[in-house]
Amino acid sequence: MKHHQKRKGMKNAAPRCPYCGSHTVLRSADGIYVDNSRETMLYVCKNYPACDAYVRVQPGTTIPLGTVANRELRAMRAEAHRHFNQLFKYGFMSKHDAYQWLAGILNAPRDQAHIGCLNEITCEYVTREAKKLVAWYQEKQREKNCRLRKGGAMAS
Ligand SMILES: [Zn+2]
C-alpha cells in the first residue's frame with residue numbers, strides 16, 4: 001500500500017530536530033556533502049553546523065527519507081545499510097526478500113522498514129543480525145561447494 005502524499009497541505013513536512021528541538025529547513029546539500037552532483041535536498045537543522053543534524057528527502061519530493069540524524073547516527077545507519085545490502089548484493093536473497101526480512105526483525109510494516117528510520121539501538125541490531133545471516137549463508141555456500149567437489153570426484 002503506497003500512497004503518495006499530496007504536496008499541498010503538507011505544512012508539517014519539515015521535521016523537527018530531535019537533538020535541539022529546532023525546526024529544520026529544506027535546502028540543497030551543497031556545502032554539506034563533499035560531492036552533491038546528485039543535487040540531493042536535505043532537511044537541515046536550523047542550528048547547523050552547531051547542531052549537525054539532517055535527513056535526505058526522496059528525490060523530487062519534500063518527503064523526508066527517515067528521521068533527522070546527527071553524525072553518529074548517520075554513520076551507524078551507513079554501517080547497518082552496508083551489512084543489510086550484502087544480503088542481496090551477493091545473491092543470498094532478493095532485495096524484496098531482504099526488505100521483508102528487515103520488516104520482520106524490526107517487527108514493522110514493510111513500508112516502514114527503512115534504514116533511515118533506525119535509531120542507535122535498532123541500527124546495532126540490524127547490523128548484528130545482518131552479519132549473522134550473511135555468515136550463515138556463507139557457511140551454507142561452503143558446505144554446498146564441498147559437496148559439489150566431492151560429488152564431482154565420485155562421478156569421475
Ligand atoms: Zn538540531
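# Exercises on a predicted model

In this predicted model, pLDDT stays under 50 over residues 5-10, and the model has 4 contacts beyond four places in sequence for this stretch.

**Exercise 1.** Decide how residues 5-10 should be read, given their pLDDT.

Solution. Next take residues 5-10, where pLDDT stays under 50. Where pLDDT is low, the predicted coordinates should not be read in detail.

**Exercise 2.** Find the strand order of the open sheet and state which strands stand at its edges.

Solution. The sheet has 4 strands in the order E1-E2-E3-E4, with antiparallel pairing. Strands E1 (24-28) and E4 (69-70) each have a single partner strand, so one side of each lacks a neighbour in the sheet; these two stand at the edges.

**Exercise 3.** Trace the pairing of strand E3 (residues 53-56) with E4, and then with strand E2 (residues 41-45).

Solution. Begin with E4: E3 pairs with this strand in the antiparallel sense over 2 bridges. Ala-53 stands opposite Asn-70 in E4, and Tyr-54 is placed opposite Ala-69. Then turn to E2, which is joined to E3 by 3 bridges and runs antiparallel to that strand. Here Leu-42 has Arg-56 in E3 as its bridge partner.

**Exercise 4.** Compare the span of helix H2 (residues 95-106) with the expected value, then describe the residue just after the helix.

Solution. H2 has 12 residues; from first C-alpha to last it reaches 16 Å, close to the 16 Å expected at 1.5 Å a residue. Just after H2 comes Asn-107, with a positive phi of about 55°.

How values were computed. Residues numbered from 1 in each chain as written. Predicted model: local features only at pLDDT ≥ 70, side-chain atom pairs only at ≥ 80, totals over all residues. Pairing = 2+ DSSP bridges. Expected span 1.5 Å × (residues − 1). pLDDT = per-residue confidence, 0-100. Contact = placed C-beta atoms within 7 Å.
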